[in-house]
Number of protein chains: 2
Amino acid sequence: MRISDLVVDRLPLYARALANLDSRGRDVVSSQELGDALNVSAAQIRKDFSYFGRFGKQGRGYNVRKLLDELQRILGLNRQWRMALVGAGRLGRAILGYQGFGPQGFRIVEAFDSDPAAIGDSVNGLVIKPTDDLEATLRSKPVDIGIVAVPAEHAQTVIDALVRCGVSAILNYAPIAARVPNGVHLRQIDPVLALQGMTFYLRAEASPK
Amino acid sequence: MRISDLVVDRLPLYARALANLDSRGRDVVSSQELGDALNVSAAQIRKDFSYFGRFGKQGRGYNVRKLLDELQRILGLNRQWRMALVGAGRLGRAILGYQGFGPQGFRIVEAFDSDPAAIGDSVNGLVIKPTDDLEATLRSKPVDIGIVAVPAEHAQTVIDALVRCGVSAILNYAPIAARVPNGVHLRQIDPVLALQGMTFYLRAEASPK
């Protein structure tokens with residue numbers, strides 16, 4: 001069955017909220033309570049979960065542990081994912097130092113940069129390799145996910161190289177409309193686009209028509 | 001007229017692509033070409049623009065400069081937005097050093113941290129103030145947008161303080177399901193959620209049903 005990307009994007013939010021409830025010892029949660037915590041309607045939650053069939057019963061709420069296990073399985077959260085970072089400037093180093101990846105099973109195992117001043121630096125225990133060595137390195141030791149934190153003008157070249165190495169999921173921080181072939185997944189982290197999505201509303205509120 | 005958030009989220013992408021075409025001296029662009037550059041269908045682009053009425057004629061393509069001007073006006077991109085950053089640790093400093101905000105009219109004018117070791121530091125010409133001074137500072141010199149880069153456990157408190165100061169657009173980097181009152185806009189920058197949205201597909205491809 002084909003599940004909409006919008007539904008898939010909400011699943012990690014549900015998993016996070018359930019993990020939070022589970023850690024506080026909660027056994028059962030209603031779609032209403034889960035929805036209130038996530039700013040999603042209870043109806044939307046019931047609809048989203050119905051795609052996957054098995055969870056919960058009308059009027060009884062969801063079993064937190066069972067639903068969490070199932071979501072973790074569906075999302076592949078119960079395994080380790082190997083990631084390569086390209087670009088170890090200020091942004092790349094903030095990504096290398098980010099504490100949120102490890103507990104969720106995401107591990108940066110290689111880091112590359114093209115700046116001779118950065119190559120050889122050790123950041124959080126990882127030695128930065130030359131970007132020229134990217135393809136040789138990733139062909140011999142494949143990764144699941146590539147993280148792109150290079151300047152905009154180099155980003156597409158780096159993405160193409162990652163794709164040639166068989167990387168099929170890319171998290172791109174460079175502000176470009178990146179192209180990937182079918183079958184390769186791409187997500188964009190772009191604070192300017194997020195800001196511009198909000199200024200639409202600020203502007204509308206400042207000068208109502 | 002009420003425009004869907006999904007449409008609003010695509011408008012900055014269109015504006016960026018058009019600015020790119022404009023800088024290369026292009027006068028006219030078709031919905032097909034714009035769609036190809038952005039991985040959006042031509043039909044979707046025509047539909048999105050139709051919400052705003054005025055652009056382009058069937059079969060003739062869009063006037064790049066006119067469409068860009070209109071999008072910039074709609075999105076409020078033709079003005080300066082004042083932003084306050086809360087949290088000046090590793091992530092916050094990467095945000096302070098981000099080169100992409102300025103050219104798009106987004107300027108960080110205040111930065112706060114609660115760590116005595118960080119307070120008083122000057123980063124990119126901005127002196128970091130104590131978070132305790134946030135409300136007094138922003139009440140006397142209001143900002144349009146708040147950026148939250150504090151640890152998860154402090155994020156909701158910071159968001160509540162920003163809202164009390166009249167900030168109605170918040171960009172949150174902390175991995176929480178943040179709550180804001182109606183009328184306050186919130187966008188989440190969350191690389192783990194983005195990764196988990198992709199691992200759904202990687203898992204599905206690794207073990208097809």
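## Rings that pair up

How many aromatic pairs does the structure hold over all chains? The count is eight, and keep in mind as you look around that this is a predicted model. A pair of aromatic rings is described by the distance of the centres and the angle of the planes. Take Tyr98(B) and Phe101(B): their ring centres are 4.9 Å apart and their planes stand at 75° to each other, an edge-to-face pair. Tyr98(B) is partly exposed, with a relative accessible area of 24%, while Phe101(B) is buried, at 3%.

Another pair to look up is Phe200(B) with Tyr201(B). Here the centres lie 5.1 Å apart and the planes meet at 90°, so this pair is edge-to-face. That follows because planes over 60 degrees apart count as edge-to-face. Both Phe200(B) and Tyr201(B) are buried. Over in chain A, ring pairs tie Tyr14(A), Phe49(A) and Tyr62(A) together into a cluster.

## Charges over rings

In chain A, Arg79(A) lies over the face of Trp81(A), 3.7 Å from the ring centre. In chain B, the charged end of Arg79(B) sits over the ring of Trp81(B), at 3.6 Å from its centre.

## A look at chain A

Chain A has eight helices and ten strands. Its C-alpha trace spans about 60 × 50 × 35 Å along the principal axes. Of the 209 residues in chain A, 49% are buried.

What share of the contacts in chain A with a separation of 6 or more comes from residues 24 or more positions apart? That share is 54%.

## Where the two chains meet

Now for the interface. The contact takes 66 residues from chain A and 65 residues from chain B. The size of an interface is often given as the accessible area lost when the parts come together. Between chain B and chain A, about 5,700 Å² is buried, and carbon and sulfur atoms give 65% of that area. Which three residues supply more than any other three of the area that chain B buries against chain A? They are Arg16(B), Met198(B) and Phe200(B), which supply 12% of it. Phe200(B) is also one of the rings in the edge-to-face pair with Tyr201(B).

There are two salt bridges between the chains. One of them joins Asp190(B) to Arg16(A), with the closest N and O atoms 2.9 Å apart. Polar contacts across the interface come to eleven residue pairs. Several elements of chain B each supply at least two residues of the side that touches chain A, among them helix H1 (5-23), helix H4 (64-75), strand S3 (81-86) and helix H8 (191-206). H8(B) gives the largest share of that side, with 14 residues.

Arg16(B) and Leu71(B) are 55 residues apart in sequence, yet their C-alpha atoms are 9.8 Å apart in space.

Which residues is Arg16(B) in contact with, leaving aside its neighbours within four places in sequence? The list is Pro175(A), Ile176(A), Asp190(A), Val192(A) and Leu193(A). Arg16(B) is also one of the three residues that together supply 12% of the area chain B buries against chain A.

Notes: Residues numbered from 1 in each chain as written. Chains lettered and ligands numbered in written order. Predicted model: local features only at pLDDT ≥ 70, side-chain atom pairs only at ≥ 80, totals over all residues. Heavy atoms only, no water. Phe/Tyr/Trp six-rings, centres within 6.5 Å; stacked < 30°, edge-to-face > 60°. Buried < 20%, exposed > 50% of the residue type's maximum accessible area, 1.4 Å probe, protein only. Lys NZ or Arg CZ within 6 Å of the ring centre and 35° of its normal. Contact = heavy atoms within 4.5 Å. Buried area = accessible area lost by both parts, 1.4 Å probe. Salt bridge = Lys/Arg side-chain N within 4 Å of Asp/Glu carboxyl O. Polar contact = N/O pair within 3.5 Å; in protein donor to acceptor, adjacent residues only side chain to side chain. Helix = DSSP H or I, 4+ residues; strand = E, 2+ residues; numbered from the N terminus.
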